[in-house]
Amino acid sequence: MILNPSEHDVRNVYKLMVGVIVPRPIAFVSTISLKGIRNLAPFSFFTGISANPPTVCFSPMIRSSDGNRKDTLNNIEATGEFVINVVSEQIAVPMNICSIEFPPDVDEFRESGLTPVESDLVKPPRVKESLVNMECKLVQVVHVSPKPLGGSLVIGEILRFHIRDDLFNDYRIDPDKLHPIGRMAGSTYIRTTDRFDLIRPKAGELKSP
Ligand SMILES: Cc1cc2nc3c(=O)[nH]c(=O)nc-3n(C[C@H](O)[C@H](O)[C@H](O)COP(=O)(O)O)c2cc1C
């Protein structure tokens, strides 16, 4: 079938996107407001975009419920700082609690029971239970659309990694210790326990058909 997004309800277009852009890693983002309220929220429109300098991006969308911006975006634009905490299966439940639309004056560390640890270089705390944290400074926000379910791209440079020692071996991260999870559509998540290797061919190695 052929489907032109402009002819369909935006909620269905969103459903389609989260069904085909899969699996998605999850940035569990900690921020702090100008009033000092700590915020935590998961974002699966997330990826890395540069290693030099190390740069990541994620996308908070405009709430479809009330047309408002997410607290995470407001906090980052106000302070220029955030931490991305990697989501292992062990913290899936508290991560999910942080996707509740709490008002901006609610401390989501307290609501989720996760432990805030002071960051070294930025004000937002990192999540102690997360096995890898990335302290980031804001590089740029690209506002793509202010409409409901419109998104902004938050681009940030990683200033410091915190990695639990036993995960790290010559810059390789052991996935059997990290237990990362990813998001599919709706309430479905994935583990990474069914993996396979595919050696990348070099030019000239392919036989002509
Ligand atoms: C696993 C997961 C991934 C999510 N990914 C996104 C996302 O990429 N963009 C987005 O706007 N909301 C996403 N959400 C919803 C936000 O987490 C939710 O709107 C949250 O309340 C935002 O919190 P804040 O207002 O404190 O920033 C996701 C929720 C879950 C559970």
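The following paragraphs lead through the ligand site of this structure and then through parts of its strand pairing.

The model is predicted: local features need pLDDT of at least 70, side-chain atom pairs count only at pLDDT 80 or more, and totals for chains, interfaces and linings use all residues. Residues are numbered from 1 along each chain as its sequence is written, and side-chain values use heavy atoms, with hydrogens and water left out.

The ligand is surrounded by 21 residues, of which P42, M61, R63, K70 and T72 are the closest; a residue counts as near if one of its heavy atoms lies within 4 Å of the molecule. By class, this shell holds nine nonpolar, six polar and six charged residues. Here Ala, Val, Leu, Ile, Met, Phe, Trp, Tyr, Cys and Pro count as nonpolar, Asp, Glu, Lys and Arg as charged, and the others, Gly among them, as polar. Strand 3 (38–43) and helix 2 (71–79) each supply at least two residues of the shell, and the largest share, four residues, comes from strand 3. Helices (H or I, at least four residues) and strands (E, at least two) are DSSP runs, numbered from the N terminus.

A polar side-chain atom of K70 is 2.7 Å from a ligand oxygen. The backbone takes part as well: an N or O atom of S99 lies 3.1 Å from an oxygen atom of the ligand, and a polar backbone atom of I100 is 3.3 Å from a ligand oxygen. Taken alone, the ligand exposes 650 Å², and the protein buries 94% of that; these areas come from the Shrake-Rupley method with a 1.4 Å probe.

Attention now turns to the strands, two of which pair if DSSP finds at least two bridges between them. An open sheet of three strands runs in the order 1-13-14 with antiparallel pairing. Strand 1 (24–25) and strand 14 (189–190) stand at the edges with a single partner strand each, so one side of each has no neighbour in the sheet. Strand 13 (residues 182–183) pairs with strand 14 over two bridges in the antiparallel sense, and G182 stands opposite I190 in strand 14.

Elsewhere, strand 4 (residues 46–51) and strand 5 (residues 54–58) form an antiparallel pair over five bridges. A hairpin joins strand 4 to strand 5 through two residues, and A51 stands opposite P54 in strand 5.

Technical notes
A polar contact is a pair of N or O atoms within 3.5 Å; within protein, one must be able to donate a hydrogen and the other to accept it, and residues adjacent in sequence count only if both atoms are side-chain atoms.
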